[in-house]
Amino acid sequence: MEPHFIKGGKYEKWNPLFETLATFAFTPKLVTTKGTHIRDGVDLKRTMFTVVIALIPCLIFGIYNTGHWEMAVAEGNRDIPYFAEMGAKFLMGLTIVLPVVVVSYGVGLTIEFIFGMLRGHSLHEGFLVSGMLIPLTMPADVPLWMVGLATAFAVIIGKEIFGGTGMNVVNIALTARAFLFFAYPTSMSGDKVWMSGLGEKMNTNAADLDGFSGATALGDLASFMSDKATVAGEAVQSNMAVQNFSNEYGAWESFMGMIPGSIGETSTMACLIGGLLLVITGVGSLRIILSFFAGGFIMGLLLNAIGGNPYLDLPAFYHLIIGGFAFGAVFMATDPVTASQTATGKIIYGFFGGFLAIMIRVLNPAYPEGVFLAILFMNVMAPIIDHYIIQANINRRLKRLKTA
Amino acid sequence: MSNTISIRKGLNIRLVGEATKEIKEVPVSGTVGVSPIDFHGLTPKMVVKEGETVLVGDVLFFDKKKEQIKFVSPVSGKVKEIVRGEKRRIMNVLIEADGKQDAKKFTVKNVNDYSAEEMKSLLLESGFWSSMKQRPLDIVADPENKAKGLYVSSFDSAPLAPDYEFVLNDEMEAVQKGFDALSIIMDGKVHLSSKPSSSFTKIKGVTHHSFDGLHPAGNIGTQIHHIDPINKGEFVWSINIQEVAAIGKFLASGCVDASRKIALTGSEVESPAYLNVTRGTVMGSLVKDFVTGENVRYISGNVLTGDRKGLTEYLGHHHNQISVIPEGDEYKFFLTSGWLGHGFDKFSNSRLFPTFLLPKSKKFRLDTNTNGEERAFVVSGELERVFPFDILPVQLTKAAITNDIDGMENLGIYEVAPEDFALCEYVCTTKINIQEKIRQGLDLIASECM
């Protein structure tokens, strides 16, 4: 079959497609020509595939969680038991999440193939991961066309114009998320989008759902601050708000992810399982993950020390288990292309990523979630961090020359 | 004795086919080749013509740019052919050996009676200088430069590398004599790096250093970097320990002896052992009794830095080892032995493969498959784990790829040779030929900055 696809063959133009499928099924018979005669077994396919596997706990939990909240909306009761009717919830979740995943991969891979054919190379593996990350950062109720549009934007503007896998400046999945966040803010935040079906129901049947909040933990934190605590006196106000908040969102529920939120982000547990796989295999940088958590925690502590409103008083550890913090730390910040590449740089990069994430989350009222903005910002800053690390190395060498 | 420097950033690739400690004699016969290609950047000028008779130690050609540097015949016989390639570049000088090994007689005196200049010109004349390498650039040393040090490593840590302690066991006197001679020509120190408790630590008149740990602990580049790194404008020389012994023998007898003990290794060799051979012997005659499999790769040198050779080609000048490994030119189904396989058959520095779980005694039969296609740099921190230099390997490689001279100078190109990057090239997910890129960078530096 191969002769048809090589240069001069009948389907020469389709060679990238053929090569992609062929190299997926069979490691090609390429042999070393120059330099070392043997090569390590590792390649980008295995590396990227490992990340996809690491995302599976998040995906499965996300599907179940989406199903759970859809059922809660359908029954009009926020407090239905979490671990009941699991099969039905999973199926409900699947009908929502699967189309989002299919659209993300479908649109992204098509664009990658087109660029591959224009440039005459087979599919590079980067999108295998991005295609899974994008759905997991979406709210459950996101329209599919938005997923497609965001994916297209992220792949073309975020990656292909820079030259493809390995050349991008900012994280692809977060580019997609940011695109939707700024282009369609009403579909990406507020209290109607996180549970599938809620928005529709609220519009048509508002009376039934009186007192039913569809907000995320972070969204609720904002509202606890503004209204629920107003009955209390000034002095106890913020304490009460935190109290109310932690009644609503127990630490265990938040850690396990039994709360509303983007499809894949809610479960810190699932993220840590994935993170463990990434760290064991060496694909994800432990330096970045740990320093990211440390940065967030230290910022949380600093804010606790200031205190004064529920945001500031929320115990620091809470910040690490609600919202997309863990997901960002494990899967987004560790993207090796957009993170710092030097060992010291990774620690600085991770620390400020976590630090800024909590800063934006707490101090900027317009953005209930700061993780993706913080990571995007640090993506842009990463080359500067690396520049100083490299410069330090150069200076060491120059100093040696002068003293010699 | 200074403290032992332990190399932790590195990798011992555990291959099947280590040579057993017995030496088999391979008599000189047939055609031998001396290839100017083995000396990077050399433009040879022929001295002999086809059909001329030569003795062992007779000059075949010299360096057109540095006429003092002579290249001599390893055998006695008749010049059979001067093989030319594109643009009439001399690829190889073939000599039909007569098997007698009649050697040209040099007049030698007691080592201590030589002045530095006399010793230098004797080594140049007898062809030993051609084995002397210089950094920066990793080329034949320029005898006119002042070197700040001469570095010799008494062990090789590359996969399946020969054990010089075994090879030179009964030639310690010659080694000592060789070092005595080399000390004469050096203004700077002569540094000898050995493993702890090596018998080479008894050598006198040199500065001893002790190294152990992972490969590339035995590489001269690693040792120089940890002893006294090279700065811009400085030169250091290095020479293989077997050459030091050969210089010692030469000063005793006055005759060039081009026989070397090499290790015949690799998974495809039936009974790996040491061979006593003559430089430039045709590969086929060396391996014919030991290799039966077809579709194997013959490598003059080790699997990381050696040259691929056909059976009718010749043992490289700088090589003390032959490796024979299977070719990997076949498709591998992704679930069984391909990219998504269990991976117990692969040796990987990455924990994506179970290599790190396997016992250290497990050895591997690796083939020449690249195990993937070339990609851009995506994974970070990978090269740094096997690169024991205070140099940023990815950044330096990128500077070399982009012909960024300033970048290369700043990032330490003067300290490195392509072989220092061999492990980086092995572990790198991108499958980029890093050694080739570094060599191109060095060539650019040679033409622009030296």
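Which residues does A:Pro135 touch, not counting residues up to four places away in sequence? In this predicted model, the partners of A:Pro135 are A:Val97, A:Val100, A:Val101, A:Ser104 and A:Ile263. A:Pro135 itself lies in helix 4 of chain A. It counts as buried because 27 C-beta neighbours fall inside 10 Å of A:Pro135, where 20 or more are needed. Another proline of the chain, A:Pro383, is 248 residues away from A:Pro135 in sequence and 28 Å away in space, C-alpha to C-alpha.

Helix 5 of chain A runs over residues 144-159, and its 16 residues should span 22 Å at 1.5 Å a residue; the end C-alpha atoms are 21 Å apart, which agrees. The buried residues in helix 5 of chain A are A:Met146, A:Val147, A:Ala150, A:Thr151, A:Ala154, A:Val155, A:Gly158 and A:Lys159. These residues sit on the same side of helix 5 of chain A, because the arc they cover around the axis is only 155 degrees.

With 14 residues, helix 12 of chain A reaches 20 Å from its first C-alpha to its last, close to the 20 Å expected at 1.5 Å a residue. Buried in helix 12 of chain A are A:Thr268, A:Ala270, A:Cys271, A:Gly274, A:Gly275, A:Leu278, A:Val279 and A:Thr281. Their cover includes helix 2, helix 11 (251-256), helix 13 (286-306), helix 15 (316-321) and helix 16 (325-332) of chain A. After helix 12 of chain A comes A:Gly282, with a positive phi near 80 degrees.

The next topic is the contact between the two chains. Chain A brings 48 residues to the contact and chain B brings 62 residues. On the side of chain A that touches chain B, two or more residues each come from helix 1 (15-25), strand 1 (26-27), helix 2 (44-75), helix 12 (268-281) and helix 18 (371-403) of chain A. Helix 18 of chain A gives the most to this side, with seven residues. Sorted by class, the side of chain A that touches chain B holds 20 nonpolar, 18 polar and 10 charged residues. Strand 1 of chain A also pairs with strand 21 (residues 332-333) of chain B, in the antiparallel sense and over two bridges. Here A:Phe26 stands opposite B:Phe333 in strand 21 of chain B.

Chain B can be followed through its sheets. One open sheet of chain B has seven strands in the order 1-14-13-12-15-10-11, with mixed pairing. Its edge strands, strand 1 (4-7) and strand 11 (139-140) of chain B, each pair on one side only. Within this part of chain B, strand 10 (residues 133-135) and strand 15 (residues 236-238) run antiparallel and are joined by three bridges. B:Gln134 stands opposite B:Trp237 in strand 15 of chain B. Helix 4 (residues 220-227) of chain B packs on the sheet, where it touches strand 1, strand 10, strand 12 (149-153), strand 13 (189-194), strand 14 (207-213) and strand 15 of chain B. The direction of helix 4 of chain B makes about 130 degrees with that of strand 12 of chain B.

Another open sheet of chain B has six strands in the order 2-17-16-20-18-19, again with mixed pairing. Strand 2 (20-25) and strand 19 (307-309) of chain B are the edge strands, each pairing on one side only. Neighbouring strands of this sheet are turned against each other by 30 degrees on average, direction ignored. Strand 20 (residues 321-326) of chain B is mostly covered, with five of its six residues buried. Strand 16 (residues 259-265) of chain B runs parallel to strand 20 and is joined to it by three bridges, and B:Thr265 stands opposite B:Ser323 in strand 20 of chain B. Strand 18 of chain B runs antiparallel to strand 20, with five bridges between them; there, B:Val296 has B:Pro326 as its bridge partner. Strand 18 (residues 296-300) of chain B also pairs with strand 19 of chain B in the antiparallel sense, over three bridges, and B:Tyr298 stands opposite B:Lys309 in strand 19 of chain B.

How values were computed: Residues are numbered from 1 along each chain as its sequence is written. Chains are lettered from A and ligands numbered from 1 in the order in which they are written. This is a predicted model: local features need pLDDT of at least 70, side-chain atom pairs count only at pLDDT 80 or more; totals for chains, interfaces and linings use all residues. Two residues are in contact if their C-beta atoms, placed from the backbone, lie within 7 Å. Helices (H or I, at least four residues) and strands (E, at least two) are DSSP runs, numbered from the N terminus. Ala, Val, Leu, Ile, Met, Phe, Trp, Tyr, Cys and Pro count as nonpolar, Asp, Glu, Lys and Arg as charged, and the others, Gly among them, as polar. Two strands pair if DSSP finds at least two bridges between them. Axes are lines fitted to C-alpha atoms, for helices over the stretch in contact, and angles run from 0 to 180 degrees between N-to-C directions. The expected span of a helix is 1.5 Å times one less than its number of residues. A residue is buried if 20 or more other C-beta atoms lie within 10 Å of its own, exposed if 12 or fewer, and partly exposed in between; C-beta atoms are placed from the backbone. The arc is that of the directions from the helix axis to the C-beta atoms.
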